[in-house]
Amino acid sequence: MDDDIGGDRIQLSPSSCAYNPCYIGKNLHIGEDVTIGSMCHVGRNVTIGNKTNIQGSNYIADGTTIGSSVFIGPNSTILNDKYPPSGNPSKWMTVQIEDNAVIGGGCTILPGANVGDSAVLGGGSVLTKPLPSGEVWVGNPARFLMTRTEYDAKE
């Protein structure tokens, strides 16, 4: 189905969709009002909460959990295999992104580097360790920049 804002839609639930071309792995657990842009790879056993917006050209590894009201900018990568290519899911360290988090475009999140509630990872950053709730981190490797309250005040 071609709509007036883009390409072909893949309906994932009554109110959630992805845009072709993209890969959607088996056992996707998806909330309502979720949008996944084109050229995304969403691995197997991924969970995505309500009202999440995943821009185009993202790679989301198997087992990733993404909360509600999360924004992921384009061209970001979420990994799960610390010693690739292990091919052994029992050795993987999956990533959890909590509610209201923001992941800027072009970010890389390494295995096990979880993102806390309302945290922000600035565009182009590489997250090598867990990002605490309510903090904004930037850089390679990503480091603390400011609080989410200070970030929101700049909008």
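Helices (H or I, at least four residues) and strands (E, at least two) are DSSP runs, numbered from the N terminus. By this rule the chain has one helix and 19 strands. The model is predicted: local features need pLDDT of at least 70, side-chain atom pairs count only at pLDDT 80 or more, and totals for chains, interfaces and linings use all residues. Residues are numbered from 1 along each chain as its sequence is written, and side-chain values use heavy atoms, with hydrogens and water left out.

The radius of gyration is taken over C-alpha atoms, and the globule rule is 2.2 Å times the number of residues to the power 0.38. For 155 residues, a compact globule would have a radius near 15 Å; the chain has 15 Å, which agrees. Along the principal axes, the C-alpha atoms fill a box of roughly 45 × 40 × 20 Å. Buried residues (under 20% relative accessible area, 1.4 Å probe, protein chains only) make up 40% of the 155 residues.

Two strands count as paired if DSSP finds at least two bridges between them. An open sheet of nine strands has the order E1-E2-E5-E8-E11-E14-E16-E18-E19, with mixed pairing. Its edge strands are E1 (9-13) and E19, and each pairs on one side only. Within this sheet, E14 (residues 102-103) and E16 (residues 120-121) pair in the parallel sense over two bridges. Ile 103 stands opposite Leu 121 in E16. E18 (residues 135-139) and E19 (residues 142-147) run antiparallel and are joined by five bridges. A hairpin links E18 to E19 through two residues. Glu 135 stands opposite Thr 147 in E19.

Another open sheet has six strands in the order E3-E6-E9-E12-E15-E17, and the pairing is parallel. Strands E3 (23-24) and E17 (126-127) stand at the edges with a single partner strand each, so one side of each is left without a neighbour in the sheet. Two bridges join E6 (residues 41-42) to E9 (residues 59-60), which run parallel. The bridge partner of His 41 in E9 is Tyr 59.

Thr 64 lies in the loop between E9 and strand E10 (65-66). This residue is buried, with a relative accessible area of 1%. Its side chain reaches the backbone oxygen of Ala 61 at 2.7 Å. Contact means heavy atoms within 4.5 Å. Not counting residues up to four places away in sequence, Thr 64 touches Asn 45, Val 46, Thr 47, Ile 78 and Val 95. Across the chain, residues 24 or more positions apart account for 16% of the contacts with a separation of 6 or more.

Note on methods:
Buried means under 20% relative accessible area, exposed over 50%, partly exposed in between (1.4 Å probe, protein chains only). A polar contact is a pair of N or O atoms within 3.5 Å; within protein, one must be able to donate a hydrogen and the other to accept it, and residues adjacent in sequence count only if both atoms are side-chain atoms.
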